[in-house]
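Hi everyone, thanks for making the time. I'd like to walk you through one model today, so let me put it on the screen.

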Amino acid sequence: MREEGGAAEELEFRAEVLRAYGARAADVAPLLRVTARVLEAPPALRFPLADEACAAAWDGYLPDAAERGAWPALSERLVQLRFPVERGISGTPAYRAATRRGIAPAPGAPGVRLAAPEALRVWLHRTPAGRVPAIAAGAREDFVTLVQALARRNEPEPVPPTMGACMVSGLNNWDRVRALERERPGGVSAAPRELYQDRILLVGPGPYAGVPPECAGLSAGAWEEASRAIRIAHESTHYFILRCSGVVGRGVHDELVADAAGIVAAAGELRTGWLLRCLGADSPAQGRLRRCPGVAGLSAAALRVLAALLRGAAAGMERMELAPLARPHDPAAWGRTLGVLASRSIEELAHPEGRVR
């Protein structure tokens with residue numbers, strides 16, 4: 001349990017740990033910002049949480065997807081998929097009319113093109129925070145296209161090669177808007193956004209974080225399977241934190257926790273070698289962590305401290321009982337364990353004496 005104390009005491013404790021890891025006085029404050037967490041305490045909630053409203057709508061999509069295929073079922077319902085990924089398209093009148101007012105594009109207008117639409121899979125993924133719609137692409141280029149279409153307003157913005165999954169949040173689903181209009185005569189202008197906006201987990205193929213299978217000690221096929229499980233559990237952890245805190249965490253702490261949860265889900269235990277390699281902990285200025293807020297601005301000395309801190313945190317998590325993260329059949333234990341892990345600061349996990357407060 002975390003010791004009682006105010007925010008000032010907690011901040012000083014974290015600063016002491018950073019100094020113990022060699023942080024210079026000038027680097028302590030920037031490091032504290034970089035290692036901050038979103039979830040301040042284990043949530044006092046009963047898991048699993050109730051589904052968000054979008055899950056019921058997607059429940060209705062699944063029979064159609066099973067009968068005709070995921071791509072026809074989704075492209076008819078998500079208007080964003082009826083436009084191509086093309087530079088500047090988000091500013092065109094037709095796109096704005098479709099995504100803001102639900103006016104469908106002209107019949108025969110070009111839409112998103114996938115390399116392997118038949119390999120697309122859609123389901124409702126169970127998490128301690130409720131079920132969430134999930135889409136898995138069968139080809140890397142299709143994952144990139146779906147990210148650009150659903151998360152980047154159909155603009156061809158670059159998708160980092162180490163990014164193999166993401167959570168789309170706040171997507172206007174005009175199929176749900178039309179259903180809401182039928183249920184609520186007079187319009188939906190005052191309706192809560194959750195009644196017409198979707199959250200979706202997008203998952204792609206390939207080795208997790210670009211780590212080759214030999215570095216994980218697995219065959220190519222086994223690492224591909226493990227990578228898929230890590231990605232799904234990783235994004236599910238972000239979804240869990242969002243539903244418990246109301247904030248989408250994308251900092252170093254959140255990536256550490258989400259990767260740890262993903263690895264336990266895939267391997268049944270925390271493999272710290274996988275964790276540190278997938279995070280890029282030994283080279284945070286070049287690896288995945290460089291995209292986390294504040295990391296790019298750290299001094300070389302602070303980056304070395306961050307790398308050492310992450311190694312210490314990995315060792316600290318190895319001493320914790322994380323097995324429930326590999327038990328989706330027990331969402332109550334899964335949620336409680338994830339809540340404890342997500343509310344422990346990196347400094348607590350990495351305390352030089354191995355003390356988790």
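When I say contact, I mean heavy atoms within 4.5 Å. And one caveat before we start: this is a predicted model.

Leaving aside neighbours within four places in sequence, Ile103 is in contact with Ala97, Ala98 and Arg178. You will find Ile103 in the loop between α5 (93-101) and β1 (121-125). Is Ile103 buried or exposed, or something in between? Its relative accessibility is 43%, so Ile103 counts as partly exposed. As for distance, Ile103 and Leu195 are 92 residues apart along the chain, and their C-alpha atoms are separated by 19 Å.

Now to the aromatic rings. How many aromatic pairs does a search of the whole structure find? There are 4 of them. Let me show you two.

One of these is Phe47 with Phe240, a tilted pair, with 5.4 Å centre to centre and 35° between the planes. This pair links distant parts of the chain: Phe47 is in the loop between α2 (25-34) and α3 (53-68), while Phe240 belongs to helix α9 (residues 220-245), 193 residues apart. Both Phe47 and Phe240 are buried.

Another is Trp223 with Trp274, which is edge-to-face, at 5.1 Å centre to centre and with 70° between the planes. Again distant parts of the chain are linked, with Trp223 in helix α9 and Trp274 in helix α11 (residues 272-279), 51 residues apart. Trp223 has a relative accessibility of 1%, so it counts as buried. Trp274 counts as buried too, because its relative accessibility is 8%.

Stay with Trp274 for a second, as there is a charge to look at. The charged end of Arg271 sits over the ring of Trp274, 4.8 Å from its centre. Elsewhere, Arg121 lies over the face of Trp123, at 4.0 Å from the ring centre.

Let's go back to α9 and see how it packs. The axes of α9 and helix α10 (residues 252-267) come within 7 Å and cross at roughly 135°. The crossing is right-handed. On the α9 side, the residues that meet α10 include Ala226, Ala229, Ile230 and Ala233. On the α10 side, those that meet α9 include Val257, Ala258, Ala261 and Gly262.

Now some backbone geometry, for those of you who like your torsions. Most residues other than glycine have a negative phi, and most peptide bonds are trans. Here are some exceptions. The peptide bond from Phe47 to Pro48 is cis, with omega near 0°, and Pro48 lies in the loop between α2 and α3. Arg153 has a positive phi of about 55° although it is not a glycine, and Asn154 has a positive phi as well, near 65°. Arg153 is in the loop between α6 (140-151) and β3 (165-172), and Asn154 is found in that loop too. Asn154 counts as buried because its relative accessibility is 0%.

Last stop, Arg319, in the loop between α12 (300-318) and α13 (331-342). With a relative accessible area of 52%, Arg319 is exposed. Thanks, and I'm happy to chat.

Methods
Residues are numbered from 1 along each chain as its sequence is written. This is a predicted model: local features need pLDDT of at least 70, side-chain atom pairs count only at pLDDT 80 or more; totals for chains, interfaces and linings use all residues. Side-chain values use heavy atoms; hydrogens and water are left out. Rings of Phe, Tyr and Trp (its six-membered ring) pair if their centres lie within 6.5 Å; planes under 30 degrees apart count as stacked, over 60 as edge-to-face and the rest as tilted. Helices (H or I, at least four residues) and strands (E, at least two) are DSSP runs, numbered from the N terminus. Buried means under 20% relative accessible area, exposed over 50%, partly exposed in between (1.4 Å probe, protein chains only). A charge sits over a ring if NZ of Lys or CZ of Arg is within 6 Å of the ring centre and within 35 degrees of the ring normal. Axes are lines fitted to C-alpha atoms, for helices over the stretch in contact, and angles run from 0 to 180 degrees between N-to-C directions. A crossing is left-handed if the near helix is turned anticlockwise from the far one by less than a right angle, and right-handed if clockwise.
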